[in-house]
Amino acid sequence: MPCPLQVPAERGGQCINCFLNDDLRFLHDAHRSGAAPEGLRAYLAQPHWLYVATFASGTSKVGTASDLRKRLRLAEQGAVAARYVARAEDGRIVRVLEDMVSQQTELTQAVRSAAKLTGLQAPRSLAELDDINADHARTVRNLLARVELEGFAAVDQTWELPGPGRRVIGSDSRTAYPLELAAGTHGLLLEALLGSIALIRTVEGGPAYLADLNGLKGRRIELGPYQSQLPPVQVSLF
C-alpha cells in the first residue's frame, strides 16, 4: 500500500505511521508471544512452507513462505537453489519449526544482501550449489522426522530458479556497480534480476555490472534522462 502521508521512510523502508499500522510487524514473534492483530491472524491462518535456500556463495538458510507466495518468496530472496522441506497447517507452526532448525543446524534465518552480492562476484557452479542445498535439505528432513509436533508434514520438493535469475548468475559480469545508488543520478539499463541483485548496463552494449537494488528501498526515485558518471577504472596488470 502506498504511504497515505507520502513522508520519508525511517525504519524498515516505512515511515513511523506506516510501521505502526502494519500488522506484519508482529510476524516474527507471534508464535512465541501469541500476540497478533486481526490482519496478522488472518495471514498466519493459511498454510505455510518451510524451505532451505542456498545462495551463489554456497551460504544457506532456512526460511518460511505462505502458501500464496510459495515460489515468489524464494525469487525475492535471491536464492539460486532451494527445496521445500515441510508444509505446515499455519504460520505459527512453521515458525516453531524454523526456530528449531536454526537452533539445531548450521542454517541461519537471514543472509544479508551485501553477502549475496559478494557471492555473485565469485559464484559456485549451479551443480555444486544444488548439491549443497540437497545436503542441507536432507539434514533438515531427518531432523523433522524426530519432531513430536502436530500440524505439519515433511515434503521433498525442488524449487526452480526463474529465467531472469539464471541470466544473472550465468553472466560473465562479476564487477559491482561502482556508484552508490542511494545518491546522485544514474542511467541504468536493467537486464535481469536475482532477488535484489540486478544485472545492469549504463549504455547499450557497454560493460555489465551487478548492483544491489536493496539500497533503493524506502527512497523516492525521480525518473529522467540521467547518465551514470562512472569513475575511471584502472585495468589490472596481472
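How many helices and strands does the secondary structure of the protein chain come to?

**View 1. The whole protein chain.** The count is eight helices and seven strands, taken as DSSP runs numbered from the N terminus (helices H or I, at least four residues; strands E, at least two). This is a predicted model, where local features need pLDDT of at least 70 and side-chain atom pairs pLDDT 80 or more, while totals for chains, interfaces and linings use all residues. Residues are numbered from 1 along each chain as its sequence is written, and side-chain values use heavy atoms, leaving out hydrogens and water. Of the 238 residues, 40% are buried (under 20% relative accessible area; exposed is over 50%, partly exposed in between; 1.4 Å probe, protein chains only).

**View 2. Helix α5 against helix α7.** The axes of α5 (residues 91-104) and α7 (residues 126-144) come within 11 Å and cross at roughly 115°; axes are lines fitted to C-alpha atoms over the stretch in contact, with angles from 0 to 180 degrees between N-to-C directions. The two helices are therefore roughly perpendicular (65 to 115 degrees). On the α5 side, the contact (heavy atoms within 4.5 Å) is made by Leu97, Met100, Val101 and Gln104, and α7 brings Val140, Leu143 and Leu144. That makes six nonpolar residues, one polar and no charged (nonpolar: Ala, Val, Leu, Ile, Met, Phe, Trp, Tyr, Cys, Pro; charged: Asp, Glu, Lys, Arg; polar: the others, Gly among them).

**View 3. A look at Asn142.** Asn142 sits in helix α7. Its relative accessible area is 45%, so Asn142 counts as partly exposed. Val85 is 57 residues away from Asn142 in sequence, yet the C-alpha to C-alpha distance is 10.0 Å.

Technical notes: Parallel < 35°, antiparallel > 145°, perpendicular 65-115°, else oblique.
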